[in-house]
Amino acid sequence: MNNPIRGRGAQGQVANRFETVRAEPDPVEHAASQGPARPKTQFLSDDSKSIVTENKSPDIPFRYSLNPYRGCEHGCSYCYARPTHEFLGMSAGLDFETKIIVKDHAVDLLRDVLAKPSWRADSMMLSGVTDPYQPVERERKITRGLLELLAECKHPISIITKNALIQRDVDILATMAKYDLVHAAISITTLDASLANVLEPRTSAPTARLRAISTLSAAGVPVRIMTAPVIPGLNDHEIPQLLKAAADAGATSAGYVMLRLPGAVEDVFVDWLTRVRPEVKDKVLAKVREVRDGELNDTKFGRRMRGTGVRADSIADLFTAFTRKYGLASEPEPLRSDLFTPPTDRSGQLSLF
């Protein structure tokens, strides 16, 4: 591609598995042009009537997830959440990172949930699908509003992000941490800024994420480093350095997830390798197949997060050895749920029952 779209993980649309018709660019016009158009990010209002999703997967260590946005500006070429845009009639390619669904009424919807007499506080992840601190959060502040409500109710919450913007909310997080109500997980895929810039183009730089770990840790917020995803042949050799840097910054626990390429994500990631890292493409794909029983993806519970086989076992052993070396726990301390107090409903009335 002569003129790639800068700042985007995908360079075009990939077929939506639910659609029988798709548009293809005219090859003659495309060849004569200077390259693909540079789409601007659109923010579309979400009219969902719910905000909390209950998770059934045995691979996920939380019961509920809370997602203020659908789609993600970060544009990570490997993002497992890309296929969720297909349910909206969009593409897992450029649509996923340029058409962001914004849940403007998220705080009211969460208040409705927490005010129900039947609600019982339990493990909840913010956000679990797309990043709650993607760039649009600077203006919309929906994630901050959700945290303010959770803090008011003393409801436990875990957060995962690749964005240093989480530091903005250190005041709320530090207060919640005093009551053992919050964990923060910072995901760092690589310490190589040049690799991060093309692999996850609109995330915070690795050094900024390490500073976020330091800021949160200094404020008393327990921080988990997530080396996610581990991409065999591309960043797995960085595991020792990543864990050391995170521990030095103040992280107290660590986890990882093996690269997952469900559905259309495979097309986006393979295209990324072809364009950006052609010299390692064959090696990376071969090693991914080693940990996925000869395929590029595995959806089976119990193995999809870690992979299988000799290479997957070697990565697990390497990770375990260096978490122990740097004093990082395999799991964070449990959060408290016994302090939860229901909020008033939207009218300001307390429930009589």
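**Close-up views of the predicted model**

**View 1. β7, α6 and β8 form a right-handed β-α-β unit.** Helices are DSSP runs of H or I with at least four residues, strands are runs of E with at least two, and both are numbered from the N terminus. A crossover counts as right-handed if, with the strands pointing away from the viewer, the path from the first strand over the helix to the second runs clockwise. The model is predicted: local features need pLDDT of at least 70, side-chain atom pairs count only at pLDDT 80 or more, and totals for chains, interfaces and linings use all residues. Residues are numbered from 1 along each chain as its sequence is written, and side-chain values use heavy atoms, with hydrogens and water left out.

**View 2. β8 pairs with both β7 and β9.** Two strands pair if DSSP finds at least two bridges between them. β7 and β8 run parallel, joined by five bridges. Here isoleucine 160 has alanine 185 of β8 as its bridge partner. β8 and β9 are also parallel, with four bridges. Alanine 184 is bridged to valine 223 in β9.

**View 3. Both faces of β8 are covered.** Buried means under 20% relative accessible area, exposed means over 50%, and partly exposed lies in between (1.4 Å probe, protein chains only). In a regular strand, side chains alternate between the two faces of the sheet. On one side of β8 sit Val182, Ala184 and Ile186, all buried. On the other sit His183, Ala185 and Ser187, also buried. Six of the six residues of β8 are buried, so this strand is largely enclosed by the rest of the structure.

**View 4. Three strands make an open sheet in the order β1-β5-β4.** The pairing is mixed. β1 (42-45) and β4 (69-70) are the edge strands; each has a single partner, so one side of each has no neighbour in the sheet. β1 pairs with β5 (residues 99-102) in the parallel sense, over four bridges. Serine 45 faces valine 102 of β5 across this pairing.

**View 5. Two peptide bonds are cis: leucine 126 to serine 127, and alanine 228 to proline 229.** In the bond from leucine 126 to serine 127, omega is near 10 degrees. Serine 127 lies in the loop between β6 (124-126) and α4 (137-140). In the bond from alanine 228 to proline 229, omega is near -5 degrees. Proline 229 belongs to strand β9 (residues 223-230).

**View 6. Lysine 154 and aspartate 180 have positive phi.** Lysine 154 has phi near 55 degrees, a positive value in a residue other than glycine. Its place is the loop between α5 (142-153) and β7 (157-161). With 28% relative accessibility, lysine 154 is partly exposed. Phi of aspartate 180 is near 55 degrees. Aspartate 180 lies in the loop between α6 (170-177) and β8 (182-187). Its relative accessible area is 43%, so aspartate 180 counts as partly exposed.

View 7. Buried residues make up 50% of its 353 residues. The C-alpha atoms fill a box of roughly 70 × 50 × 35 Å along the principal axes. Among contacts (heavy atoms within 4.5 Å) between residues at least 6 apart in sequence, 81% join residues at least 24 apart.
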